[in-house]
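Hi,

Here is the structure I promised to pass on. Have a look at it first, and then read my notes below.

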Amino acid sequence: MKRIDCFIPFSGKEQVEQTIKGLRDTQLVNRIFLLTDDDTPTGVEDCPTLRIDGAQSTSTIKAIAKHAEADFILLYTKYSTLSLGMFALDRMVMLADDSHAGMTYADHYQVKEGHQTAAPVIDYQFGSLRDDFDFGSVMLFRRDAFCRAAGRMKADYRFAGLYDLRLKLSQEESLMHINEYLYSEVENDTRKSGEKIFDYVDPRNRGRQIEMEQACTEHLKEIGGYLEPRFEKIAFDENDFEYEASVIIPVRNRIRTIRDAIRSVLSQKTDFKFNLIVIDNHSTDGTTEAIDEFKDDERLIHIIPPRHDLGIGGCWNMGVHHPKCGKFAVQLDSDDVYRDEHTLATMVRAFYEQNCAMVVGTYMMTDFNMNMIAPGIIDHKEWTPDNGRNNALRINGLGAPRAFYTPMLRKIKVPNTSYGEDYALGLNISRRYQIGRVYDVVYLCRRWEDNSDASLDIVKMNGHNLYKDRIRTWELQARITMNK
């Protein structure tokens with residue numbers, strides 16, 4: 001019956017006592033190891049300590065593999081109290097035996113500020129390469145699978161050890177999601193979704209990001225999904241366009257911001273002809289009338305679609321297939337504005353200088369009144385010309401503003417969704433073509449209560465993440481096929 005060796009982080013006796021009791025009460029636990037970063041005695045009886053140099057480092061993973069003896073390894077990743085559900089470990093072990101999964105993880109509850117809420121997670125799939133994939137804090141591994149994966153780890157990471165292990169494990173084993181609420185964990189991060197989504201581009205996390213990229217790149221090489229830095233060239237003079245560029249703004253019910261967005265476009269200074277295509281997706285709050293205030297400017301094209309089934313991507317398709325769309329289609333969200341009157345010229349110039357099918361700029365996070373807020377400037381410098389398209393399979397976005405060579409966009413079409421459509425385009429385009437970068441701030445991204453991702457519940461976030469993982473799966477399959 002003693003089938004599990006447990007490894008839990010230790011910061012103090014009071015912190016682990018309840019967790020340890022719950023584990024021992026299951027009658028399934030063989031040994032409990034306390035992971036600690038110093039040699040101070042823990043004061044906890046019958047729980048050997050493992051000195052580690054980071055909870056997710058390579059050396060920690062290898063130490064766990066060395067000390068585990070039981071059939072299964074349970075890794076708990078939080079410093080807060082774990083409360084197991086009734087027969088939760090029995091259920092996990094039984095399903096792990098039945099499925100022979102390399103790792104199992106489960107839905108659970110989170111306790112935030114004394115309130116318990118459901119925290120379902122999502123299924124792992126081939127394209128689930130995000131290093132922030134949420135397994136919850138309890139992961140149960142088959143020991144033999146864990147040790148084999150650990151034995152194939154080549155690099156010595158401080159931050160990416162657990163991520164590297166998971167990627168190695170997924171190459172040979174299934175990672176099984178149990179759609180049952182099997183435990184409760186205390187969650188101390190009470191920020192809203194809109195405050196969390198930029199953690200991965202916070203400059204303070206740069207060292208961590210570099211390691212994650214290295215681990216992901218190695219994984220892609222091992223499964224045949226890595227792309228060498230060779231790109232197809234584009235001849236920009238093959239098509240005739242009346243306009244050199246068009247700014248595309250899909251909008252629905254943004255009366256508070258649409259005028260600012262339009263003004264920032266019409267004030268652009270260029271030595272080429274451009275226009276603005278606003279796709280007004282049946283607004284009901286006065287946005288339509290606000291757009292019409294600018295109708296005397298012949299550069300403005302105001303489209304109200306005849307259809308009622310369009311997401312943001314569908315509105316983009318309306319814009320780029322308009323006969324007056326320019327050679328380059330440049331994004332502007334209806335919440336945001338261009339930094340100054342030179343943004344459009346800067347983005348267009350990058351196409352010619354870097355011979356690319358898509359250009360991504362740099363933006364600054366601001367409040368509604370356009371004052372800079374944390375994390376400040378988002379430059380996505382994790383993108384490199386040689387490896388950007390491989391690393392793009394790991395991260396959750398490519399940046400803003402985004403601009404596209406219009407014939408390319410007309411060929412591949414924009415997915416008719418209101419989330420992830422730009423990411424899907426970036427992955428598809430980068431499969432064969434270079435994506436150019438502008439590292440000067442050219443865009444102000446306004447954060448306010450009506451942003452579409454300002455405060456998402458867990459079900460909506462899971463839907464978004466599941467879709468982006470699916471996009472990655474499709475793209476990864478396409479790249480492996482292309483390499484063959």
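Let me start with a proline: P375 sits in strand β16 (residues 372–378). A cis peptide bond links A374 to P375, with omega at about 5°. There is another cis bond between A400 and P401, with omega about -5°, and P401 is in the loop between α12 (388–391) and β17 (402–405).

Before I go further, some ground rules. This is a predicted model, where local features need pLDDT of at least 70, side-chain atom pairs count only at pLDDT 80 or more, and totals for chains, interfaces and linings use all residues. Residues are numbered from 1 along each chain as its sequence is written, and side-chain values use heavy atoms, with hydrogens and water left out.

Now the overall picture. The protein chain has 15 helices and 18 strands (DSSP runs numbered from the N terminus: helices are H or I with at least four residues, strands are E with at least two). Its C-alpha atoms fill a box of roughly 80 × 50 × 40 Å along the principal axes. Of the contacts (heavy atoms within 4.5 Å) with a separation of 6 or more, 80% are between residues 24 or more positions apart.

Next, the inside. The largest nonpolar core has 114 residues, and F7, F141, L165, V247, I249 and L276 have the most contacts inside it. Such a core is a set of buried Ala, Val, Leu, Ile, Met, Phe, Trp, Tyr and Cys residues joined through side-chain atoms within 4.5 Å. Helix α11 (residues 343–354) gives the most to this core, with 6 residues. A second, separate core of 29 residues includes V29, Y76, L82 and V93. Leaving out neighbours within four places in sequence, the contacts of F141 include F72, I73, M103, L165 and L169.

Helix α2 (residues 58–67) has T58, T60, I61, A63, I64 and A65 buried. Those buried residues pack against β1 (4–9), β3 (49–51), β4 (72–76), α4 (143–151) and α5 (161–170).

R479, in helix α15 (residues 458–483), is buried at a relative accessible area of 0%. Beyond four places in sequence, its contacts include R389, N390, L393 and R431. I122 is in the loop between β7 (115–119) and β8 (138–142), and it counts as buried because its relative accessibility is 9%. Among the residues that I122 touches, again beyond four places in sequence, are Y105, F133, H177 and L466.

Last, some backbone angles. Most residues other than glycine have a negative phi, and most peptide bonds are trans. E113 has a positive phi, near 50°; E113 is in the loop between β6 (103–112) and β7 and is exposed at 67%. K413 has a positive phi near 70°, lies in the loop between α13 (406–412) and α14 (421–430), and counts as partly exposed at 42% relative accessibility.

Cheers

Technical notes. Buried means under 20% relative accessible area, exposed over 50%, partly exposed in between (1.4 Å probe, protein chains only).
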